[in-house]
Amino acid sequence: MKHNRFYNYEWDTIAGILAAIAALFLHLLHIVDEYIILPIVLALMALLFLNFMRHTRNNERTAVQVERTQEMVAKIKASLTIPDVVLIGPRQLHTANEQFARNMRGDALDFRHHIINS
């Protein structure tokens, strides 16, 4: 479990940010001049851009897969036919019976009262 979280970090971005912070800290201590900081900041921007491009590519792939899945589901739905008989489980029996009684029209016989107990 901990390994999965470890691999999910964006290590290239973290390394770029740490390098930029180190360069700025060294510049504030007057150890490094400005001409050193600019390439580090540009490298950080490049890393962030590459990271963005990677995520964009993954998002595009996911969008294509979702679209294909939607098309397949639509084809499956179109090929399904309405069943002649619908099975009702024990949990839905009371609700289905009430709905049937409300929607019932015309003459009906109720056989529940005519059952002979043996």
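Residues are numbered from 1 along each chain as its sequence is written, and side-chain values use heavy atoms, with hydrogens and water left out.

The protein chain holds four helices and zero strands, where helices (H or I, at least four residues) and strands (E, at least two) are DSSP runs numbered from the N terminus. The predictor's confidence in each residue is its pLDDT, from 0 to 100, and the protein chain averages 79, with 82% of the residues scoring at least 70. Helix α1 (residues 2-8) has the lowest mean pLDDT among the elements, 63, while α3 has the highest, 87. Where pLDDT is low, the predicted coordinates should not be read in detail. Of the 118 residues in the protein chain, 7% are buried, meaning under 20% relative accessible area; exposed is over 50%, and partly exposed lies in between (1.4 Å probe, protein chains only).

Now look at helix α2 (residues 11-28) and helix α3 (residues 34-79), which pack at about 165 degrees with axes 9 Å apart. Axes are lines fitted to C-alpha atoms, for helices over the stretch in contact, and angles run from 0 to 180 degrees between N-to-C directions. The angle makes α2 roughly antiparallel to α3, a label for angles over 145 degrees. Residues in contact have heavy atoms within 4.5 Å; on the α2 side they include Ile 17, Ala 20 and Leu 24, and on the α3 side Ile 40, Leu 44 and Leu 47 are among them. By class, this contact of α2 with α3 has 10 nonpolar, four polar and three charged residues; Ala, Val, Leu, Ile, Met, Phe, Trp, Tyr, Cys and Pro count as nonpolar, Asp, Glu, Lys and Arg as charged, and the others, Gly among them, as polar.

Finally, find His 30 in the loop between α2 and α3. His 30 has a positive phi, near 60 degrees. Most residues other than glycine have a negative phi. His 30 is also exposed, with a relative accessible area of 72%.

Note on methods: This is a predicted model: local features need pLDDT of at least 70, side-chain atom pairs count only at pLDDT 80 or more; totals for chains, interfaces and linings use all residues. Angles under 35 degrees count as roughly parallel, over 145 as roughly antiparallel, 65 to 115 as roughly perpendicular and the rest as oblique.
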